[in-house]
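Try each task yourself before you read its solution.

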Amino acid sequence: MRSIWTGSISFGLINIPIKLFSAVQESSLDLDMLDAKDLSNIIFKRFNENTGKEVAYGNIIKGYKIEDKYVILEEEDFQAADAIKTKTIDIQSFVAEKEIDSIYYEQPYFLEPDKGAMKAYALLRDALAASGKVGVTSFVLRNKESLAILKPYKDVIVLNRIRFEQEVRDPSELKLPPVAKSTSAKEMDMAEKLIDQLTEKFDISSFKDEYTAKLLDIIKKKAKGKAPKKPTELKVVHKQTDDLMEMLKASLETKKKKSS
């Protein structure tokens with residue numbers, strides 16, 4: 001793994017130099033975009049809008065438009081905006097993880113202690129694990145300020161970037177049923193029984209990316225000249241039945257038969 005950011009965690013008066021690594025990788029297939037005529041690769045290039053000539057990446061600079069004029073930004077300008085946050089993950093407070101709704105979670109990263117930081121790193125990791133709390137912090141990555149939490153995962157401290165409140169849309173524009181008013185007590189009781197019946201201990205290893213595996217199987221068969229089976233056409237059923245109780249009962253019975 002390659003580090004994508006270096007800095008330090010500020011924990012009270014303790015400074016912990018760290019390296020930041022991406023904690024996840026895509027499981028989807030890396031598909032190329034091709035020209036349907038001759039299967040040539042499609043290449044994306046950066047062109048000058050006025051001359052039509054390609055511009056080398058090293059010659060590209062960043063600017064912000066104000067009244068039809070661009071203000072050009074240098075690397076020093078980004079650091080000057082907040083020099084501390086460009087190199088420091090400052091823990092501002094500690095909270096119970098359950099207080100943070102899952103909608104705010106965005107991207108996880110692994111933190112590795114840099115030279116001479118093993119002991120301080122272990123102290124923070126083990127203290128977080130013992131307290132059951134997560135550290136709330138903010139830092140700057142790729143010229144963007146991010147809110148994040150620090151939490152232990154196995155032997156590593158994970159920095160999980162989370163969204164700011166203003167980045168989550170207000171669902172009030174959606175057409176939704178009123179809460180706890182459109183469901184009868186009997187239907188609710190039956191639904192809770194079905195939830196109880198389907199409840200089990202969560203095991204992430206039991207879930208696999210089956211779609212990608214099946215797609216890769218189709219690719220391998222096509223490479224050998226085998227035509228894939230035509231997919232079954234699925235339609236969205238907008239209305240099954242008005243009798244929710246019957247559907248709930250049938251669902252419970254189906255689960256019982258599978259269990260037996």
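Helices (H or I, at least four residues) and strands (E, at least two) are DSSP runs, numbered from the N terminus. You're looking at a predicted model, where local features need pLDDT of at least 70, side-chain atom pairs count only at pLDDT 80 or more, and totals for chains, interfaces and linings use all residues. Residues are numbered from 1 along each chain as its sequence is written, and side-chain values use heavy atoms, with hydrogens and water left out.

**Exercise 1.** Place Tyr64 in the fold and decide: is Tyr64 buried or exposed?

*Solution.* Start with the element: Tyr64 sits in strand β3. Next, recall the cut-offs: buried is under 20% relative accessible area, exposed is over 50%, and partly exposed lies in between (1.4 Å probe, protein chains only). Tyr64 has 56% relative accessibility, so it counts as exposed.

**Exercise 2.** List the helices and strands in chain order.

*Solution.* First count them: there are five helices and nine strands. Then walk from the N terminus, and you get β-β-β-β-α-β-β-α-β-β-β-α-α-α.

**Exercise 3.** Work out how spread out the protein is.

*Solution.* Take the radius of gyration over C-alpha atoms, and the globule rule as 2.2 Å times the number of residues to the power 0.38. For 260 residues the rule gives 18 Å, but the protein comes out at 26 Å, well over that, so it is more spread out than a compact globule. Finally, check burial: 20% of the 260 residues are buried.
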